[in-house]
Amino acid sequence: MLLDLLQNTIDGIASGATYALLAVGFTLIFGVLRRVNLSFGPAIMLGCYGATWLHLNFQSGLVVLAAATVAGAVLAGAYVERLCFAPHRSGSAIAAMVASFALWMQFEELATLVLPRHIYPFPLLHEGAPFEFLGLTLRPDTLAVLGAAVVLCTLLHRLLYRSRFGLAVRATIENPVAASLAGIDPGRVFVLVFALASAIGGIAGYFIVATHGQVTPMLGMWSTLKGLLAMMLGGLGSLPGAIAGGLALGLIEAHSQWFLGPQLRDLVAYLLLFVLLAANPAWMTRWTTSRSAS
Amino acid sequence: MDDFTLGVLTNIGLFSFLALSAYLLLLAGEMSFGQQAFFGVGAYAGGVLTALYSVPLPLAALAAMLLGALAALLVGLPTLRLKGLYFAMATLAAAEIARLLFELLRFQRSIDGELAGPDGTQGFRGIRWVFEHGVEAADFLLLIYGLLAFVLTVLLAVERSRLGATLRSIGEDPELAASLGVDVDRFKLGVAACAGALAALGGVLFAHHNTYIEPRNFDIMLGVHSLAYALIGGLGTALGPLLGVALDIGLLEGSRLFGGTRMIVFGGLVAVLLIVRPRGLLDEQLVHRFTSRTLRRR
C-alpha cells in the first residue's frame, strides 16, 4: 500500500513535470499579454506533426526530431502572435482569444491534411527496460524528462531574474506603461516572450509524444486543457505557481486514477478547480486585482 | 428541398440556440466556456423523458428547459462574481464535469423488448419521438425555426427595452450599473438562468433531430464554437449570433466549396475579420447607426 502510494507519487511527478512546462508557457503569455492563447496546445501539436513527418520520410534521429518539434511550435506560435495578439494588443481580450481559437481549427485541419491517419507512432526517447529500485519501477525516459524539466526551469529562472531581458519582462508584467517609459519596448518583449513560451511548449510537446510513443490530432486540445488547468490550479499568479500547479495536477491525476479509476481521474481535477475558483482564495487573484484579467 | 439542404438548415437552427445562449452572457459581460453543458443537460433530460417515459415532446422540452435553467443557476451562484478568465475557466470546469458525468450516466430500461436510455460512453440511442409521431423532417425544421423566431422576437423586444439597456450597462461597467441601483448579482443570475434554458431547448431539439447523442457531442469544442459564433456575428443585436452560425455552417459547410480545407479557410477568415471588427460583423455601432436611421425615417 505504502509502496503503491510512493509509486503513484513518482508517476504523478513525472507527468506533472510536463504539465508544469505547459503551464509555464501559458503563464508567460498570460503574464505579459493578459490574454489566453487557446492555440498554444495546437501550435505544439503542429510542431509534433512536423517532427513525425520528418521521422516518417527521413527516419531522422532524436535530436533532429526534438529540434523540429520546437522549431515547428515556435513558427506556429509566431503566426498566432502576428494574427491574433499583435492586432488586439490594446483591444479586446475576447476577440484575441476567439481569434486564437480560429487558428486552432486551422492547425488541426492542416495536421490531418498532411498526415491523415488518426494516430502515428513516434520514436520513444528511450526504449530500455525500466529500473527496479526498492520495489519501485522507474522508467529511464521519465527520469530524463524530469531532469530536463528541472534544468529548463533553472535556466528560465536565471533568464528571468539574472538578465536584462528578464528584467524587461518582469517590468512589462508589472506595468507595461511604466516599462515603456523606462525605455523598454513592450512590443519587442511581447514577441520575444511569445517565442520563449512557444519554445518551452515545444519542448514539453516533444517530451509528451516521445514518452507516449504516439501522435494524434487530439494532442492540441489535450495540451491546451492540461496547461490551462495546471496554470489555474497554481493560481494564475507566478511561474513558481505554474510549476506547483503542474506538479499538483500530475499528483492528483496519478492518485485519483489509482484510487478511483481512470474515468473519475479527470473529474477529480476539474472538480477541484471548480471548487477552488468558487472559493476564490486571495492567492488565486494576486495578478488580477491590480489589473483586470479580461 | 433535398436532404442535404434540410440537414444544413436544421443544424443552423439548432446551433443558433447555443450561440444565443453564449451571446446573452457576453452582453452581461461574462464569457462562458460552458454553455454546451446546458445544451447537453437539455438533450439528455428531453431524451430520457420522451424515450423512457413516453412524455410528449413539448412537455419534455419545458422540463428540460427548467432543468437547464436550474443547472445554470447551480453553476452561476458560486461563479458569477468571478471576473474574466476566472469565470471562463470555472464554466469550462463545470462543463467538463457535466460531460464526464454523462460518461458515467447509465440509466436503461427495457422499452418494447429493447434496452433504451443513456449508456455511458456508448451514448444514448433511440430518441425516436419525432419519427414515432410521424413528424416529417421538414415539419421539424419548421418547428425549430418557429421556436427560434419566437426566441428572437422576445430577445429583440428585450434589447429595445429598459431591460436591454440595463443588461448592456452591466456588461459595460458593472460597478457603474450597481451605483445606479441595479442589483447586478441578481440580474446576472437571471441572465445565466435564461441562457441555460435557451441552451437546453437547443439540446432537446438536437437530441430529437439526431435520435442519438453521446457525451462527446458536448465537449469544449462546441462551447468555444458557440462563443465564436456570437462574436463573429456581432454583439450589437440578437441577429448577430445567427449570422455567425449561418456563416460557418451555411456558407462554408453548406456550399461545399472548400472541401477538405474548410476549417483552414474559416479559421483564417475569422482571425482577419476580428482584426477589422473586434466586436463582430453586426457590432453595436453598426446596429445603432441602422436603428437611428430607421427611427428618423418614421
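Let me begin with a convention: two strands pair if DSSP finds at least two bridges between them, strands being DSSP runs of E of at least two residues and helices runs of H or I of at least four, numbered from the N terminus. What we have here is a predicted model, in which local features need pLDDT of at least 70 and side-chain atom pairs count only at pLDDT 80 or more, while totals for chains, interfaces and linings use all residues. Residues are numbered from 1 along each chain as its sequence is written, and chains are lettered from A and ligands numbered from 1 in the order in which they are written.

In chain B, an open sheet of three strands runs in the order S1-S2-S3 with antiparallel pairing, and its edge strands, each pairing on one side only, are S1 (109-111) and S3 (124-125). Strand S2 (residues 114-118) of chain B is joined to S3(B) over two bridges, and B:Pro118 has B:Phe124, in S3(B), as its bridge partner.

Turning to the interface, 36 residues of chain A are in contact with 34 residues of chain B, contact meaning that C-beta atoms, placed from the backbone, lie within 7 Å. On the side of chain A that touches chain B, helix H4 (93-114) of chain A is among the helices that each supply at least two residues, and H4(A) gives the largest share, 13 residues.

Finally, which residues does A:Ala20 contact, leaving aside its neighbours within four places in sequence? They are A:Ala149, A:Ala230, A:Ala242, A:Ile243, A:Gly246 and A:Leu247.

Note on methods. Two residues are in contact if their C-beta atoms, placed from the backbone, lie within 7 Å.
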